[in-house]
Amino acid sequence: FSDYIDTILRYVQQIQSLINAFSDFSRMPAPKFEKVDLMSLITKAVGLQKAAYPHIEFVIEEPAIKELTFSVDGNLIMQALTNVLKNAIESLTAQKKPKINIRVQQVQENCVIMIEDNGKGLPKNVDMEQLFDPYVTYSQGGTGLGLGIVRNILENHDGNVLLKPGKTRGVIVEIAIPLSRKV
């Protein structure tokens, strides 16, 4: 009987999480643009995850772009970074030496934040674009809303987000913010 109650409670918590995520997705606030140092945001987002997951090695490479002050909504960009980092962390469950690399560089007319994990990667023949659709997930217990929220945030900043297979394994997520947003 207690096993059944535990199972029911777990499912209720998953449903509540799904409802909260859906509410967040449907009520995305309009961005409030202000001067924000992207490197500070990245450092803060990684620092929060590093404290929660000390067994994971987080490496922030020295940025190739020296001036990283942009006109963005810092809270929304922080949410996007957090969602991507959480996905990366979830993919590292079976790794002996879990690692997430973060680098910032200029690619054409964009400042690109690349977050690469050495996790399990994505299933073969997966449609990368489909992963941005609501409720599509390959993560056990995931809601399938995280990447959709990230895309929504980036589109509201005239940017975009891409997924690529990692160099040897894992996934690379590229968050692109136009250089025209520099201040």
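The paragraphs below go from the confidence of the model to its overall layout and then to a helix contact.

What you see is a predicted model, in which local features need pLDDT of at least 70 and side-chain atom pairs count only at pLDDT 80 or more, while totals for chains, interfaces and linings use all residues. Residues are numbered from 1 along each chain as its sequence is written, and side-chain values use heavy atoms, leaving out hydrogens and water.

The predictor's confidence in each residue, pLDDT, runs from 0 to 100. Its mean over the chain is 85, with 84% of the residues at 70 or more.

Now for the layout. The chain holds four helices and seven strands, taken as DSSP runs (H or I, at least four residues, for helices; E, at least two, for strands) and numbered from the N terminus. Along the sequence they follow the pattern α-β-α-β-β-α-β-β-α-β-β. Of the 183 residues, 43% count as buried, meaning under 20% relative accessible area with a 1.4 Å probe, protein chains only.

Finally, look at helix 2 (residues 38-52) and helix 3 (residues 74-90), which pack at an angle of about 40° with their axes 10 Å apart. Axes here are lines fitted to C-alpha atoms over the stretch in contact, and angles run from 0 to 180 degrees between N-to-C directions. Contact means heavy atoms within 4.5 Å. Among the residues making this contact are L38 and L41 of helix 2 and I77 and M78 of helix 3.

Conventions: Buried < 20%, exposed > 50% of the residue type's maximum accessible area, 1.4 Å probe, protein only.
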